[in-house]
Amino acid sequence: MSINSTWRYATTLLLVMFSIVTFAQERTLSGKVVDENGDPLPGVAVLVKGTTKGGTTNFDGEYKITLSEGETTLVVSYIGYKTQEVSVGNQSIIDFALEVDAEQLDEVVVIGYGSVKKEDATGSVAAVNASDFNQGAITSPQEQLQGKVAGVNISTNSGEPGAGATIRIRGGSSLSASNDPLIVIDGVPVDNGEVRGQANPLSSINPNDIETFTVLKDASATAIYGSRASNGVIIITTKKGSSGQMKIDYAGNVSVATAPKTIDVMSASQFRDLVTQVYGEGSEAVSRLGTDDTDWQNEVLAPAVSTDHSVSVGGAIKDVPYRVSIGYTNQNGIVKTSNMERFSGAISVNPKFFDDHLAVSLNLKGNISNSRFADAGGALGNAVSFDPTKPVRDGNEKFGGYYTWTAPDGNPEVNATRNPVALLEQVDNRGKVNRSIGNIQLDYKFHFLPELKANLNVGYDYSYSDGHNNTPTNFAGDYAAGDGGKRSTYNQTRDNRLLDFYFQYNKEVGDFNIDAMLGYSWQYFKSSGYDYSANVSGSRIDVDKAFATERYLVSFFGRANVSYLQKYLLTVTLRYDGTSRFSPDTRWGVFPALAFAWNMKKESFLETSDAVSTLKLRLGYGVTGQQDVGSDYISQPRYTFGQDVVQYPVYDSQGNITSYQTIAPQAYDSRIKWESTATYNIAADFGFMDDRITGTLEYYYRQSFDLLNTIPVPGQSNLNNELTTNIGDLTNQGIELSMNAKIISNSKLHWDFGFNFTYNRNEITKLTNGEQEGFLGVPTGPGPSRGTGSKVLYQRVGNPTNSFLVFEQVYDSNGKPLEGVYVDHNEDGQITNEDRISDKYVAPDFILGLNTKVSYGNWDFSMAGRANIGNYVYNDVESANGALRNLYEFSVLTNRTTSYFDTQFTGNDNNLPLSSYYVQKATFFRLDNIMLGYNFNNLADGKINLRVYTTVNNVFVITNYKGLDPEIPEGVDNNIYPRARTFLLGVNVGF
């Protein structure tokens with residue numbers, strides 16, 4: 001879809017919304033807000049109930065607001081004071097005297113095992129509330145947080161419905177182990193392992209149920225989770241019920257997704273000319289050309305309509321707050337046949353007993369998701385290369401009616417590209433997942449000693465999934481002369497359990513406040529399942545095996561927060577973790593942390609300052625652990641079966657053959673131990689002009705040592721795989737800046753602007769016990785489609801992780817690359833691996849996030865975007881399809897990308913896939929979403945609030961990258977599922 005048609009579509013949606021809006025008569029209301037002593041309160045929010053319309057009081061506590069007809073109630077709120085609601089009536093002046101709310105006197109943020117006053121926080125903690133979430137066609141929770149927090153880089157892996165995401169907090173801390181952060185949902189740490197049949201484990205949570213994200217970044221904040229916190233922690237808190245009348249909310253939307261861009265390939269006429277030019281008139285290659293003009297990418301991509309609905313009921317029954325919600329999502333992908341359907345439900349009950357000494361929190365969440373997975377990589381890859389002069393269908397029922405390249409014997413040519421449409425329509429790949437996450441938490445404040453409380457948290461994360469990946473006997477990809485096709489099934493059960501118990505003591509002693517906590521945690525993870533794969537008749541079984549694995553984590557932890565005069569804050573944390581993955585001699589690890597903060601605003605020289613409203617300095621140090629790598633039995637001797645197709649024949653005395661499946665010993669290290677990451681953090685939290693401008697500036701240095709790294713095993717070791725052991729060191733250091741400004745705040749217009757900036761650079765400082773001469777490093781990641789066995793990404797000492805290792809391309813005076821000509825860096829007269837350079841990296845040097853919100857009367861507008869600067873991508877699509885090689889091979893014609901016209905590469909140079917020409921700068925700015933909404937307030941005498949809004953997601957991308965999309969988390973661009981541009985019209989109704 002062109003840019004003009006895109007904006008025509010967006011404009012049409014806006015006009016539909018505008019046409020239902022009417023403007024009514026307005027009037028002005030003013031007044032003053034004072035505190036319990038009668039002193040004016042600046043910065044108090046005065047809003048029309050159910051809207052964002054209103055303003056904040058000035059330095060004299062005065063406000064002025066314009067009301068439209070039907071707007072009858074004001075809501076006045078301020079941190080530390082009780083919220084008031086007042087019916088306006090015919091009044092033109094209303095004053096307010098706010099009462100102190102002791103329970104809400106200080107804004108709090110959620111941290112591990114509890115919460116803390118924001119002004120008392122000593123660690124690097126960032127919270128994002130529902131009002132600040134990204135808007136639009138969002139089906140997975142991580143999209144709500146994208147671009148919102150400094151130091152957090154979130155990239156959705158593809159445009160597939162319910163797609164997973166790569167989340168990195170302050171860069172990765174590991175090489176072979178997981179770099180994913182720990183996700184905690186309502187107190188339940190979830191396993192980041194694969195849930196089969198589901199592209200993204202987080203998609204099991206309905207985004208409409210989420211209240212806040214809290215990101216713990218430095219070690220002093222994360223150390224309380226020690227064993228799993230080296231890569232940071234994201235705490236998700238879902239919405240809860242509250243006292244008051246029952247409230248019903250409905251949120252629904254419909255969206256249309258389109259492909260914003262396709263890969264530039266030769267048209268049918270261009271392709272015919274090229275084949276004729278290369279092979280000549282009357283050649284065999286020319287005789288193989290067809291007469292059609294097929295846009296294969298257009299055949300596999302199509303606009304997709306999706307819908308999402310959510311209903312929640314909340315309130316209180318006899319002072320027992322509750323909230324119940326149900327949701328339904330049906331998301332179609334822009335690659336034909338791809339779809340995700342999700343049914344979700346959540347229940348939250350939060351009663352209190354014994355004069356509020358016992359607080360109970362019950363949270364249950366469940367979902368059923370059904371997905372059909374399109375072979376997007378295969379379909380899109382073949383759509384790029386399939387001969388555009390051939391038809392989609394030729395009527396040959398031997399192959400289901402789809403055009404198929406055949407060998408002389410009439411069977412499919414094994415080296416040919418496959419019909420992209422057949423790859424979608426004949427492959428039935430589906431998965432179903434039933435998942436539930438829940439917990440009950442009991443928080444008891446002792447009657448005889450109110451300063452002491454006990455907390456018990458029992459939770460679970462259970463899922464069962466099954467699926468299949470089937471093809472018919474006439475599918476060319478699995479063809480075997482009438483006895484082919486495929487029947488592949490699987491199932492998986494994941495049973496994770498949690499028990500946390502801790503005591504907490506909070507006491508003021510003179511000028512000191514002491515908050516101490518001591519606890520125990522037990523976690524259990526079990527996964528089991530079954531895989532089966534055979535041809536349709538069952539005469540050939542490729543896979544037939546069951547599996548089961550389990551592990552335990554046991555922890556003892558403690559934390560003490562001590563404050564003096566509310567100015568000087570000290571936090572000490574210690575966690576002692578044990579994992580069943582390691583042997584008894586090495587399975588326990590100690591993870592300490594120490595943090596100090598100085599609340600300078602409370603000092604006499606700043607306490608009365610009108611310019612500086614917040615200033616706090618923070619220092620932190622801590623160590624966190626990592627054991628999330630490989631097998632659950634990685635420290636034990638193991639034997640595993642070889643490939644099922646490999647059988648060892650044994651003959652008996654009569655010559656009969658019995659075949660046995662082979663087994664092989666696996667490499668293991670009995671003394672493997674915890675990978676550890678030490679972090680140093682220094683930061684300043686600041687606010688100016690009564691916090692009209694707020695922000696945080698941080699510097700951090702992280703060192704990971706005893707890296708869990710995978711290295712090759714010597715060839716004579718009789719072991720058939722690589723060894724994972726503790727070898728290597730890695731450092732990360734960076735600067736983070738986040739700022740938010742209330743640019744305009746008055747009775748009619750509010751304009752907030754947020755900005756965050758991150759610089760991060762890592763370096764591998766040790767990789768092996770001893771590097772030999774000529775050692776290139778450890779290859780990693782996906783390799784080029786051409787150049788079998790070669791890699792372009794390596795881990796190398798002195799470089800950041802995932803560095804490109806390639807030959808430096810030489811160019812002529814016109815800037816055109818010279819095929820086969822590379823820089824001879826060691827000047828030995830020949831081009832060898834020693835000439836490869838490593839000066840480009842996958843991770844960006846800088847990450848930027850921008851967001852803004854504007855409200856004017858009943859209208860509101862928001863926009864969010866982000867940028868990656870300094871990242872590079874290997875353009876594998878161009879490498880595989882941009883040269884003449886394979887244009888005509890095995891009597892098969894394959895299309896080329898139009899990049900051939902720029903390079904004229906023949907592809908005969910075997911080093912070409914390793915050319916630096918294909919390592920392309922992928923700096924980009926992406927406008928993720930824009931939203932425009934209108935609020936109809938107090939309909940039906942104030943019983944109904946209605947909001948109508950429209951959004952555009954993935955609005956545009958500014959980049960010089962030559963490929964389809966510059967945002968490639970793995971660094972190798974190879975037929976990714978395109979990220980869609982989505983137009984949405986939504987409605988929220990509250991009763």
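## Salt bridges

Asp180 and Arg168 join their side chains in a salt bridge, with 3.0 Å from N to O. The model is a predicted one. This pair ties together distant parts of the chain, 12 residues apart. Arg168 sits in strand S12 (165-169). Asp180 lies in the loop between strand S12 and strand S13 (182-185). Asp180 is partly exposed, at 28% relative accessibility. Arg168 is also partly exposed, with a relative accessible area of 24%.

How many salt bridges does a search of the whole structure find? The count is 36. Another one joins Lys840 and Asp839, at 3.3 Å from N to O. Lys840 is partly exposed at 26%, and Asp839 is partly exposed at 41%.

## A buried pair and a network

Are Arg926 and Asp965 buried or exposed? Arg926 has a relative accessible area of 2%, so it is buried, since buried means under 20%. Asp965 is buried too, at 7%. The two form a salt bridge, and their closest N and O atoms are 2.8 Å apart. This pair links distant parts of the chain, 39 residues apart. Arg926 belongs to strand S53 (residues 924-938). Asp965 is in the loop between strand S54 (944-959) and S55.

Some salt bridges share partners. They join Arg170, Lys217, Arg618, Asp685, Glu698 and Glu736 into one network.

## An open sheet

Three strands make an open sheet with mixed pairing, in the order S52-S49-S55. Strand S52 (919-921) and strand S55 (972-973) stand at the edges. Each has a single partner strand, so one side of each has no neighbour in the sheet.

Strand S49 (residues 872-875) runs antiparallel to S52, and three bridges join them. Tyr874 has Val919 in S52 as its bridge partner. Strands of a sheet pair through backbone hydrogen bonds.

## An enclosed strand

Why is strand S5 (residues 73-77) largely enclosed by the rest of the structure? Four of its five residues are buried.

Strand S5 has antiparallel pairings with S2 and S6. Strand S2 (residues 45-48) pairs with S5 over four bridges, and Val48 stands opposite Leu74 in S5. Strand S6 (residues 84-87) pairs with S5 over four bridges. Here Thr73 stands opposite Ser87 in S6.

## A nonpolar patch

A nonpolar surface patch covers about 740 Å². Its residues are Leu570, Val572, Leu594, Phe596, Leu619, Ile682, Leu697, Tyr699 and Ile735. Strand S28 (568-579), strand S29 (588-599) and strand S36 (693-705) each give two or more residues to the patch. Leu697 is found in strand S36. Leu697 is partly exposed, at 42% relative accessible area.

Conventions. Residues numbered from 1 in each chain as written. Predicted model: local features only at pLDDT ≥ 70, side-chain atom pairs only at ≥ 80, totals over all residues. Heavy atoms only, no water. Pairing = 2+ DSSP bridges. Patch = residues over 30% accessible without salt bridge, like charges linked within 9 Å, V, L, I, M, F, W, Y side chains within 5 Å. Areas by Shrake-Rupley, 256 points an atom, 1.4 Å probe, with all protein chains shown as cover. Salt bridge = Lys/Arg side-chain N within 4 Å of Asp/Glu carboxyl O. Buried < 20%, exposed > 50% of the residue type's maximum accessible area, 1.4 Å probe, protein only.
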